[in-house]
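Subject: Structure handover

Hello,

Here is the structure I said I would pass on. My notes on what was found in it follow below.

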Amino acid sequence: VSATVLFYLFGAIAVAGALGMVLNVRNTVAGALSLVGTMVALGGIYVLLDAYLVGVLQILVYAGAIVVLFLFVVMLLNLRRDVFAPTRTRIARVLAGAIGLVLAAWLVVFGAGLEAALPELPEGFGGYRAVGAQLFTDYVLMFEATSLLLLAAMVGAVILAKRKID
Amino acid sequence: VIETIVKMLFIVLVIMGAFLPLITWVERKQSAVMQDRIGANRADLFGVTLLGLLHPAADVLKLLTKEDVVPRGANRTLHLLAPVIALVPAIITLAVIPYGGTYRFGDSELSLVVADIDWGMLYVFAVGSIATYGAVIAGWASNNNWGLLGSMRASSQMISYEVTMGLSIVGLFMVYGTLRLTDMAEFQDQTFRVFGFLEHLFGMGVPGFLAWIRLPMWGIFLQPLGFLLFLTCIMAENKRPPFDAPEGESEIIAGYHMEYSGMRFGLFYTAEFLEVPVIAMLVTALFLGGWSIPWLSQETIIGGVSSVFGLGFATGLCMILHVGSFLVKTIVLIWLQMQLRWTLPRFRYDQVMDLCWKMILPISIANIFVTGFVILLVQGAS
């Protein structure tokens with residue numbers, strides 16, 4: 001029972017944070033902070049789902065590092081008001097509305113059947129041991145490919161920054 | 001659930017109520033001794049000063065009765081929220097620290113840790129990464145350029161040191177094979193032969209007297225480099241001198257918290273001070289054997305004492321000794337932090353960043369590789 005209550009609590013925080021981020025177009029910092037709320041709440045939901053590692057990484061990486069970098073950039077450019085107010089074209093509005101409707105319909109159609117029995121979890125599911133073992137055996141190729149991608153991004157950023165200084 | 005709440009309340013009350021005021025007093029007295037002054041001795045009740053022990057109470061009273069100013073043009077909500085965000089992570093880190101082992105009294109078991117979770121160290125890192133927001137939001141919400149500069153410094157410094165803090169300790173995780181803090185403490189409650197590696201790696205016999213030399217299996221002996229790097233990183237995370245660039249009184253006045261007054265400033269101050277014992281306890285649990293007593297494992301103590309005085313008494317005595325051992329190590333580390341804080345001047349901002357990315361990061365990565373290599377060698381040999 002308490003897990004259900006917590007789920008709704010985290011869910012409400014996540015939705016509120018997401019709305020706060022989207023609606024706070026005039027105040028970028030407040031928007032970024034709302035995003036932090038969503039990230040932390042999502043981390044809580046992952047932990048409720050026994051995916052401990054993903055939950056903690058959600059907070060550690062997204063809330064604790066990535067959004068801090070967003071904030072850093074926003075503060076560095078000192079974008080206080082209006083600069084990034086989005087241009088609302090008609091096409092964008094229609095597209096966004098359509099995507100939202102499709103997602104909502106999908107949730108209603110497939111979400112109804114989700115109360116069926118959940119599978120039994122294997123021992124240690126979602127812990128760092130289980131995830132690590134999977135990551136370095138079955139998915140090692142993907143893992144290495146991702147690290148290459150990140151390395152390429154890093155080198156690219158360094159080169160771009162260097163050109164500007166020279 | 002009730003047991004957890006009672007434990008947490010007890011620990012928060014002891015640390016916030018008794019430890020924290022004492023630490024502010026120790027800091028004042030220690031800086032006074034180091035600078036050849038007399039130190040805090042003015043606050044008195046009817047002429048009794050108690051060696052300046054009344055100063056913490058006077059501080060709190062003063063902070064509580066001061067005006068709470070929110071500057072014009074500040075973002076009011078965030079300005080009020082920031083000190084809380086700075087303080088809360090330090091408090092909830094206390095939940096995973098093992099203050100003692102697990103003790104069996106008859107049928108019931110007493111474990112001296114609030115939340116014994118499998119991903120304890122990940123929890124510590126996650127909670128610590130949230131603490132960045134306190135400083136970042138404070139400076140931005142104050143609508144003050146010095147404050148903003150302080151926030152920028154705080155965010156870049158804390159993010160950088162979070163990365164290296166995680167990497168510097170990976171070697172230790174590899175040695176312990178766990179992220180659970182209670183398991184780490186238990187692991188350190190044993191000893192190893194210092195010259196045992198001769199036999200393991202080279203197949204040489206160890207001469208008799210050398211075989212007798214044993215050291216406790218503490219993190220500081222197994223990962224000395226990791227200890228230095230981790231201590232440096234976690235002290236930089238705390239933002240106290242010599243890593244206080246975000247505050248930098250002489251350059252940016254008080255940095256991120258310059259627009260705070262009264263108890264809201266006090267909360268930032270409390271957060272920084274609370275992190276001192278939290279760091280000390282974490283490093284104790286990770287590197288200094290936690291609650292363990294060197295060369296005397298839990299079984300030895302309980303087995304030895306119970307043969308004379310009975311099992312219940314032996315377990316109780318063992319628990320008290322363990323908590324005492326934990327406290328002693330914690331106090332030594334608090335002393336070390338204070339000593340460093342009053343010895344070193346503030347590092348320049350570029351020095352702080354260079355230390356992180358050009359020194360600690362490569363050394364940490366090298367440490368991981370060397371540790372992995374040695375573990376493979378030892379496992380292969382045995």
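I start with one residue: Glu144(A) counts as partly exposed, because its relative accessibility is 42%, between the limits of 20% for buried and 50% for exposed. Please keep in mind that this is a predicted model.

Glu144(A) belongs to helix H6 of chain A, which covers residues 140-165. Phe110(A) is 34 residues away from Glu144(A) in sequence, and their C-alpha atoms are 35 Å apart in space.

Chain A as a whole has 6 helices and 0 strands, so its pattern along the sequence reads α-α-α-α-α-α. Chain A has 166 residues, of which 23% count as buried. Among contacts in chain A with a separation of 6 or more, 62% are between residues 24 or more positions apart.

Chain B has a hairpin. Strand S1 (residues 102-105) of chain B pairs with strand S2 (residues 108-111) of chain B in the antiparallel sense, over 4 bridges. Between S1(B) and S2(B) lie 2 residues, and Gly106(B) in the turn has a positive phi of about 60 degrees. Across the pair, Arg104(B) is opposite Glu109(B) in S2(B).

Next, the salt bridges. Side chains of opposite charge can pair when their charged atoms come close. Over all chains, the search finds 10 salt bridges. Which residue does Arg341(B) form a salt bridge with? The partner is Glu27(B), with the closest N and O atoms 3.3 Å apart. This pair links distant parts of the chain, 314 residues apart: Arg341(B) is in helix H15 (residues 311-343) of chain B and Glu27(B) is in helix H1 (residues 2-34) of chain B. Buried means under 20% relative accessible area, so Arg341(B) at 19% counts as buried, and Glu27(B) at 8% does too.

Another salt bridge joins the side chains of Arg348(B) and Asp350(B), at 2.9 Å from N to O. Asp350(B) is partly exposed, because its relative accessibility is 36%.

Asp354(B) and Lys358(B) also meet through their side chains in a salt bridge, at 3.6 Å from N to O. Both residues lie in helix H16 (residues 349-381) of chain B, 4 residues apart, or about one turn of the helix. Asp354(B) is partly exposed at 34%, whereas Lys358(B) is exposed at 60%. Elsewhere, salt bridges with shared partners connect Asp116(B), Asp118(B), Arg180(B) and Asp183(B) in one network.

Regards

How values were computed
Residues are numbered from 1 along each chain as its sequence is written. Chains are lettered from A and ligands numbered from 1 in the order in which they are written. This is a predicted model: local features need pLDDT of at least 70, side-chain atom pairs count only at pLDDT 80 or more; totals for chains, interfaces and linings use all residues. Side-chain values use heavy atoms; hydrogens and water are left out. Buried means under 20% relative accessible area, exposed over 50%, partly exposed in between (1.4 Å probe, protein chains only). Contact means heavy atoms within 4.5 Å. Two strands pair if DSSP finds at least two bridges between them. A salt bridge is a side-chain nitrogen of Lys or Arg within 4 Å of a carboxyl oxygen of Asp or Glu.
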